[in-house]
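Welcome! Have the picture open as you read.

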Amino acid sequence: MFQHLQIAYGFICVASALIVSGVVLLLVIKWRNLRMARMKDEARKKQQDYVAYVIAHLDADEELKLPVGPLGKWDLAVLEEQLIELAERVKGKHRERLAELFERLGLPEKELARLTRSFGVNRLDAAYKLGAMGCSQAAPALLSVLKTERDEPGRFIIARAIARCARDTADLREMVAHMVALSPESPRLLAEILCESAVDPAPLMREWIEHSDWRLVLVAMAGMPSTADRELIGSLWKLIGADEKEVRINAAKLLLRTGDWVTPQQVESLIKHPDWEIRSLTAKSIGRWADDSYVPLLSRSIDDENWWVRYNAARSLAKLGDDGFRALCEIASQAKQKEIADLAMQNIQDALRDESTGSGQAGAAGAKTKHAMYHSYFNTQRAGHMTG
Amino acid sequence: MRDLLLGYGLFAMYYVLVVNSIYLLITIFSHLNISSIMKRSRFTRYQSLAGSERVPPVSILVPAYNEELTIIENVRSLLALHYPQYEVIVINDGSKDETLQVLIREFGLIRQPHARIRNVVHSSPVNGIYHNPQYPQLYVIDKENGGKADSLNAGINLSHYPLIASIDADSLLEKDALIRMAQVYMENPEETVAIGGNVRIANGCLIEDGIVKEVKLPDKLLPMFQTIEYMKAFLGGRIGWSSINGLIIVSGAFGLFRKDCVIKVGGYREGYPGEDMNIIIKLHKYMLENKQKYRVAFCPDAVCWTQAPDTFRILSSQRKRWGRGNLKNMLEYRHMLFNPKYKVMGLLTMPYNVLFETLNPYFKLTGLLALLGYSWMDMTHAHIVLVFMAINLLFGYMLTVSAILLEERAFRRYPKMSDLAKLLGYGFLMFFGYYQLGAIWRLLGHIEFFRKNNTWGVMTRQSWKVETRQS
């Protein structure tokens, strides 16, 4: 009994000491945060006019002037914060002018020193700021810091800074190679990061699309939308037969972006592809191209075993003018399965409503033709009520 | 008899020490992990991500039962999110009030007589689907009453996107909450099966047009206690649990899921409360049994604001419901307990949950009674009761201080010095009645479970405008 009580008293003492330390720590942190907020607020008020001047003169030809008078520690920190905020919102010439200003204020040098000296959050803070400033001298240091960062979110922050500071494609290649090795499942985020670079990543995308490492292929495909060109069509067709499903789907997505990149025979092969995702993408893409020569193909897809293929085929038919509308009416009136008839009917209604709300003579004529077609198939005089 | 009472009382004391020590360990994990979260939160440019076509589209599911007072502001706040591609699916779960009518009126919705939904997971019959092309992102499903899980299943059946987010109809999402979760998802989309958001108490805050404009602590006692309770659970607990992939719950108020995984585990379980815990246990179980690499992540800077019950009647009803849901889940998945096949879930999370959540009221209340009985028989040992209570209080308060420390280090949502004093003061007060009531309500929840009472209980809402005016 005595022993148990001794343990309990010991615990009470330790817990009380920890609570007191915790509360003191909290008070100190709170006091420090409030003080910092007050100092920053004062500095922000002082810098207000200068920041307004910078924003107003981003388009001007003459060099941006430096703030008048000496800058205190807080003044410089707040000014840096505000200019970085601005640099994150602008692009091209504006960003270059801000980069010059950062240079003249001596900020890249200061952050580069912090990057190599500090650890943890401070090191990331420096990396982030260097990235926002677009400081190309920082690229080698950032690359070496990336290799020592163990934290996953931290790696993405440094990778982004490298993309913003990259001197050439070699920097980007090195960064991606390292990231892919450690975070192989994030091609979209890596592509997003690459597209933030002032260096054109297109040559890298062309190189990786042919790469044997499917992780790089995925990064290339995710980065394509802004850099794709017709020369890659051949490579993309090869990827349709890749072992990795994700690669096949992404290749189809890129190929189907425009109807000009695929022949009718190729479209037919894609809409019969074993992957339902590719069949569904094909059905969806045809609607976007608005090419009514594919109406028979879509009419057949309405019987596909996969719900998404049927859904997208019906939606696309509704976008293919009078022929597509007629095909939907036929499906709705003849389908043996209620689900398919309902799917067609839902899209007929949507199409009728869209035509009714369409403007101009063409819209009125289109609505009239579709209503007439609807009457002939469903023998009703009140098609209007269907559109609500 | 005296020896028996003393022995049991001492057992209860060591129980408190062990359970709280595990919690302390988890809190330490939270402290270790918070810097990684801070890094992401501070240095990621969510603005540029919010405009990117590479961000995966999300279907937001909003189950609504008798939510006529809050639903419009909730939907408006969801339609104004900073996210590239998403849809909002409100599921009216056979409300007895005007929930459906106010939605139809406000958004000019039209019934789609031929619209059908897939039947990938089971849900009650759907009466109608409503849509207006002027709000292309918004769909409303009107269905027969079947409960929250059933409504979420109906939402899954209609959803068009690969990710689903479940949101309570009485909650408000911060504009960048979803894009913050998307960043976490995009860092590892293959392995991430679910991400939990941080739920904060909105009582006392200034709310305009469905947006929290000014963060303030609640003025009323019960919401204030719940603010601290949520802070402890979400920051002190869930950050730590997620760092060891042992998170057992993603709050029903706000979570993001991979739809294909949710479908693979059969969707949400109907018929019992605690569906938010149930879906996460099922996901863990499925992934571990199929030997797939996965993670259930937590994103504390993705914030959802919710109305906390401010009366004892509503709070007791909520806590009894939680008690029932927890007990049902623990009984249903008892085979996972101490089973090495289920790794952290089987060896730590589930046993901890049984010990701390399910059995907690029994041990604490009976332990106290045993020591009271012992002291009553021999008044010279009355101090033992005080020692027992002091251990309970000090260990618990230490965890409270630790959670406030996490808040102050990483988020600083309550900026004033008086806020800190209030948090510390009320955090202390909670040990004198509130926690004991919580234990009793949990116990009553268990009794209800065994009496097969599966009703949702009382849950009345008030408009966000009224809430703001009152504060």
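This is a predicted model: local features need pLDDT of at least 70, side-chain atom pairs count only at pLDDT 80 or more; totals for chains, interfaces and linings use all residues.

Chain A and chain B meet through 60 residues of chain A and 59 residues of chain B. Together they bury about 5,400 Å², and carbon and sulfur atoms give 66% of that area.

**Where the chains meet**

- Between chain A and chain B there are six salt bridges, and one to look for joins the side chains of Lys30(A) and Glu408(B), at 3.2 Å from N to O.
- The count of residue pairs in polar contact between chain A and chain B is 16, with both residues at pLDDT 80 or more.
- Several helices of chain A give two or more residues to the side that touches chain B, among them H1 (2–56), H2 (73–89) and H19 (338–357).
- H1(A) gives the most to that side, with 21 residues.
- Sorted by class, the side of chain A that touches chain B has 33 nonpolar, ten polar and 17 charged residues.

- You will find His160(B) in the loop between helix H5 (148–158) and strand S6 (163–167) of chain B.
- His160(B) counts as buried because its relative accessible area is 18%, under the 20% cut-off.
- Its side chain makes a polar contact with the side chain of Tyr311(A) at 3.2 Å, and another with the side chain of Glu87(B) at 2.7 Å.
- Leaving aside neighbours within four places in sequence, His160(B) is also in contact with residues including Trp308(A), Ser59(B) and Lys259(B).

**The nonpolar interior**

- In soluble globular proteins, nonpolar side chains tend to be buried together.
- Here the largest nonpolar core has 276 residues, and those with the most contacts inside it include Leu98(A), Met175(A), Ile60(B) and Phe257(B).
- Beyond its neighbours within four places in sequence, Ile60(B) is in contact with residues including Leu78(B), Tyr86(B), Ile89(B) and Leu178(B).

**Charged pairs within chain A**

- Over all chains, the count comes to 56 salt bridges.
- Glu88(A) and Arg160(A) form one of them, with their closest N and O atoms 3.0 Å apart; this pair links helix H2 to helix H7 of chain A across 72 residues.
- Glu88(A) is buried at 13% relative accessible area, and Arg160(A) is buried at 9%.
- Arg353(A) and Asp350(A) meet in a salt bridge at 2.8 Å, N to O, and both residues are buried.
- Arg353(A) and Asp350(A) are three residues apart in helix H19 of chain A, so about one helical turn separates them.
- A network of salt bridges links Glu80(A), Lys110(A), Glu111(A), Arg114(A), Asp125(A) and Lys129(A).

Terms used
Residues are numbered from 1 along each chain as its sequence is written. Chains are lettered from A and ligands numbered from 1 in the order in which they are written. Side-chain values use heavy atoms; hydrogens and water are left out. Contact means heavy atoms within 4.5 Å. Buried area is the accessible area (1.4 Å probe) that two parts lose on being put together, summed over both. A salt bridge is a side-chain nitrogen of Lys or Arg within 4 Å of a carboxyl oxygen of Asp or Glu. A polar contact is a pair of N or O atoms within 3.5 Å; within protein, one must be able to donate a hydrogen and the other to accept it, and residues adjacent in sequence count only if both atoms are side-chain atoms. Helices (H or I, at least four residues) and strands (E, at least two) are DSSP runs, numbered from the N terminus. Ala, Val, Leu, Ile, Met, Phe, Trp, Tyr, Cys and Pro count as nonpolar, Asp, Glu, Lys and Arg as charged, and the others, Gly among them, as polar. A nonpolar core is a set of buried Ala, Val, Leu, Ile, Met, Phe, Trp, Tyr and Cys residues joined through side-chain atoms within 4.5 Å. Buried means under 20% relative accessible area, exposed over 50%, partly exposed in between (1.4 Å probe, protein chains only).
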